[in-house]
There are 2 protein chains.
Amino acid sequence: MQLLRANAEYVVRSVGAPIEISHVLVRDPAKERVPELERERLTTDPEVLLGDASVDVFVEVMGGVSPAKSYVERAIDSKRSVVTANKMLLAMHGPELVERAIARRVDLAFEGSVGGGIPVIRVLREALASDSVMRLSGIVNGTCNFVLTRMRADGLSFDEAVREAQAKGYAEADPSLDVDGHDAAHKLVVLAMLAFGARVEPHDVPTEGIRGIEPIDHRFAERFGFVIKHLAFGSDRDTSVELRVHPTLVRRDTALANVNGVLNAISLEGRALGPTLLSGRGAGDMPTAVSVVADVLDVARARRSGVSGLATRTIQVRHRPVSSLDEVFGRYYLRFQVHDRPGVLARLAGALGDAGVSIEQMVQEGGAGSSGVPVYIVLLTHEAREGDVRRAMEAISRSEVAASAPKLIRIQD
Amino acid sequence: MQLLRANAEYVVRSVGAPIEISHVLVRDPAKERVPELERERLTTDPEVLLGDASVDVFVEVMGGVSPAKSYVERAIDSKRSVVTANKMLLAMHGPELVERAIARRVDLAFEGSVGGGIPVIRVLREALASDSVMRLSGIVNGTCNFVLTRMRADGLSFDEAVREAQAKGYAEADPSLDVDGHDAAHKLVVLAMLAFGARVEPHDVPTEGIRGIEPIDHRFAERFGFVIKHLAFGSDRDTSVELRVHPTLVRRDTALANVNGVLNAISLEGRALGPTLLSGRGAGDMPTAVSVVADVLDVARARRSGVSGLATRTIQVRHRPVSSLDEVFGRYYLRFQVHDRPGVLARLAGALGDAGVSIEQMVQEGGAGSSGVPVYIVLLTHEAREGDVRRAMEAISRSEVAASAPKLIRIQD
């Protein structure tokens with residue numbers, strides 16, 4: 001609202017008409033709000049908005065599925081274009097809402113739903129006008145990136161870093177939606193809808209958070225020339241799509257590895273375009289507002305030109321299965337904590353060899369003299385099938401050499 | 001053309017009508033071309049295009065100012081929208097062409113002119129709908145970035161790296177437009193037109209290329225935790241704009257520092273948006289084609305909806321002076337080659353102190369025992385006024401301790 005007012009002149013030039021805010025639907029009318037917001041515009045009754053024939057565009061920034069979904073549906077059904085920043089709603093019901101909007105010839109715009117102020121939706125759609133996206137990967141959860149950055153750069157434990165994120169307002173009191181990877185999975189589903197035309201349920205995306213990452217993993221990663229990032233990854237296969245969310249070792253001398261703190265980044269690989277990286281503030285009021293306002297201007301312009309729904313019509317989605325993690329090929333970082341006895345290395349190497357996994361590098365930490373204390377052994381594999389790697393890890397876990405559960409982190413090359 | 005054909009279905013959905021290529025103006029009709037191009041569409045006569053009333057959009061990808069400028073002007077005057085990827089034409093005549101297009105109510109779109117496939121023009125314009133850009137900096141010349149990357153990572157000399165760039169087709173036979181910074185200055189002028197509404201002549205932009213960078217500078221930069229990048233930099237001052245193109249020390253642990261080879265990157269700092277980085281292939285047929293096709297679809301869609309010129313009307317430009325380099329404040333890397341005599345360090349420090357420049361770090365290389373051979377002294381300053389730094393350097397150059405001209409490289413913090 002501040003942004004629309006401050007740039008009113010630009011709005012008129014760009015849309016051909018001013019944009020007026022007619023109502024603001026809120027839960028609590030007593031709450032303190034920005035001074036630009038006149039109190040008489042506030043309402044707690046959705047019927048006031050939906051019943052006002054002069055409302056052209058419905059902006060939904062309340063979050064959550066209910067009641068946002070029913071409001072958005074009713075706005076579409078009454079031929080309003082909708083702008084939303086609600087990634088959970090889109091991840092759960094994006095394809096049906098898009099179809100609904102297309103059927104009613106209105107627009108559904110959602111730049112603010114992924115990557116805050118990073119215009120990734122726009123770039124994806126522009127690129128897709130003449131290109132196809134083969135692969136994408138991104139840091140799409142600022143909380144995870146903040147926590148991993150603080151652990152790596154400043155030696156904090158996971159709990160300390162999460163507490164700091166909470167104190168700074170980067171993480172919720174219950175941080176699980178972020179640190180367990182679900183928020184990133186929602187965003188990946190939205191990206192996959194656009195990039196690959198894939199209709200996927202969030203719970204079908206293999207999702208792993210960052211709770212299992214320990215300070216020692218950051219140290220070992222560094223030793224091998226990597227940093228650990230929490231990535232959402234998508235790739236277009238023939239009939240299926242490969243989608244997954246998990247911590248990843250990224251080479252230290254890449255741009256992605258140097259996107260730190262709460263910043264987000266999304267890297268796209270287009271057939272014609274090659275690699276493209278977009279980075280910026282992934283969350284926060286102002287960056288999201290910039291995206292929402294850009295969407296509002298777009299749909300308002302389309303409405304004024306009588307071409308509402310044209311942009312939304314370019315989104316075409318069909319059911320596509322998510323390929324199994326077992327069938328993924330890649331390199332792996334494996335960390336074992338084992339009892340320091342003769343023959344332990346041979347046991348690890350043997351189990352991996354039996355599964356057809358070959359080892360590229362191996363490092364052992366601790367163990368010199370202090371017998372009885374478990375030691376860490378970390379190894380990087382050559383390219384291997386993930387199912388085979390998991391089979392070997394299970395065999396090792398069950399054996400008497402394992403002092404705790406082993407940890408697998410995928411490597412992005 | 002390949003891209004338009006391959007994505008014909010998307011084009012129809014997105015524009016509401018198919019796009020047909022009616023003529024292709026070429027210099028040499030005998031030259032071998034892509035198989036998609038029917039020979040009967042080729043012409044060497046601009047009148048064939050300009051005289052055909054069925055032509056809606058004029059796409060200019062010939063490059064250079066003449067005759068491109070007169071073709072673009074005539075296309076605009078005859079009410080065609082124009083898509084161009086011609087950065088030189090835009091740097092020299094962008095504001096007048098924009099005004100011309102606005103007056104005739106047609107669009108002038110130029111995403112392909114800066115950053116190849118990186119959608120920086122689009123992002124700037126979207127962001128500006130509700131935000132203002134305070135600062136931008138970017139690696140906008142792939143040749144410079146390739147040469148600097150090869151020098152740093154593989155120890156090549158400047159000449160060797162340029163020859164390799166030429167062999168790979170990244171540099172022209174005469175590489176001066178690239179390595180002397182003029183191409184980057186052209187792109188900066190185009191960016192400044194959009195980001196700051198500034199009308200600036202390319203020759204008013206302080207421009208320095210990468211010829212003066214020696215392998216030893218890469219070594220010293222590394223020692224201090226930096227890499228050397230050739231950057232275009234712009235900043236919005238009250239009445240003036242600060243624009244400059246030069247090699248720059250960038251902290252190694254930033255995303256920008258890790259954009260290597262021929263890749264380009266542009267970083268924007270918006271008041272609401274915060275920092276945003278876009279990176280990708282800055283040149284090449286396919287990335288540029290992706291940008292040109294996205295523009296063609298935009299202007300075709302606007303034309304079909306009867307709102308041609310609306311997007312172009314948002315560009316507003318006025319003359320703004322470029323602030324003097326002397327008035328820039330920053331930190332500096334200074335490299336001196338001096339005769340190894342007693343008191344030489346005191347002389348350097350004294351000259352800097354006299355000019356009010358204070359030293360943060362100083363490193364000397366060579367000189368131990370091998371008397372008579374000049375030694376290198378490199379120092380980093382604290383923040384200082386550039387005019388003061390230059391004054392000190394001139395005093396040192398003139399003194400009898402200097403064995404060769406000193407080198408100044410700006411530091412980006």
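# Exercises on a two-chain model

In this predicted model, 51 residues of chain A are in contact with 52 residues of chain B.

**Exercise 1. Determine how much area chain A and chain B bury between them, and which residues of chain A lose the most area to chain B.**

Solution.
- Step 1. The two chains bury about 4100 Å² between them. Of this area, 58% is on carbon and sulfur atoms.
- Step 2. On the side of chain A, the residues that lose the most area to chain B are Y10(A), R13(A) and S130(A). Together they account for 16% of what that side buries.

**Exercise 2. State which rotation superposes chain A on chain B, and name the relation.**

Solution.
- Step 1. Chain A is superposed on chain B by a rotation of 180°, with 0.0 Å of shift along the axis and an RMSD of 0.0 Å.
- Step 2. This is the relation of a two-fold axis.
- Step 3. Of the contact residues of chain A, 100% recur in chain B, so the same surface serves both copies.

**Exercise 3. Describe the open sheet of chain B and explain why β3 and β5 stand at its edges.**

Solution.
- Step 1. The sheet consists of 3 strands in the order β3-β4-β5 (chain B), with parallel pairing.
- Step 2. In chain B, β3 (57-60) and β5 (108-109) each have a single partner strand; therefore one side of each is left without a neighbour in the sheet.
- Step 3. Strand β4 (residues 81-84) of chain B pairs with β5(B) over 2 bridges. V83(B) has A109(B), in β5(B), as its bridge partner.
- Step 4. Helix α12 (residues 285-304) of chain B lies across β3, β4 and β5 of chain B and runs at about 170° to β4(B).

**Exercise 4. Decide whether V147(B) is buried or exposed, and list its contacts beyond four places in sequence.**

Solution.
- Step 1. V147(B) belongs to helix α7 (residues 142-154) of chain B.
- Step 2. Its relative accessible area is 0%. Buried means under 20%, so V147(B) is buried.
- Step 3. Leaving aside neighbours within four places in sequence, V147(B) is in contact with F158(B), A161(B), V162(B), A165(B) and I210(B).

**Exercise 5. Identify the residues with the most contacts inside the largest nonpolar core.**

Solution.
- Step 1. In soluble globular proteins, nonpolar side chains tend to be buried together.
- Step 2. The largest nonpolar core here has 100 residues. Those with the most contacts inside it are F110(A), V120(A), F196(A), L108(B), F110(B), V120(B) and F196(B).
- Step 3. Residues up to four places away in sequence not counted, F110(A) touches several residues, including L90(A), I121(A), V190(A) and I315(A).

Key: Residues are numbered from 1 along each chain as its sequence is written. Chains are lettered from A and ligands numbered from 1 in the order in which they are written. This is a predicted model: local features need pLDDT of at least 70, side-chain atom pairs count only at pLDDT 80 or more; totals for chains, interfaces and linings use all residues. Side-chain values use heavy atoms; hydrogens and water are left out. Copies are superposed by least squares on the C-alpha atoms of residues with pLDDT of at least 70 in both. Contact means heavy atoms within 4.5 Å. Two strands pair if DSSP finds at least two bridges between them. Helices (H or I, at least four residues) and strands (E, at least two) are DSSP runs, numbered from the N terminus. Axes are lines fitted to C-alpha atoms, for helices over the stretch in contact, and angles run from 0 to 180 degrees between N-to-C directions. A nonpolar core is a set of buried Ala, Val, Leu, Ile, Met, Phe, Trp, Tyr and Cys residues joined through side-chain atoms within 4.5 Å. Buried means under 20% relative accessible area, exposed over 50%, partly exposed in between (1.4 Å probe, protein chains only). Buried area is the accessible area (1.4 Å probe) that two parts lose on being put together, summed over both.
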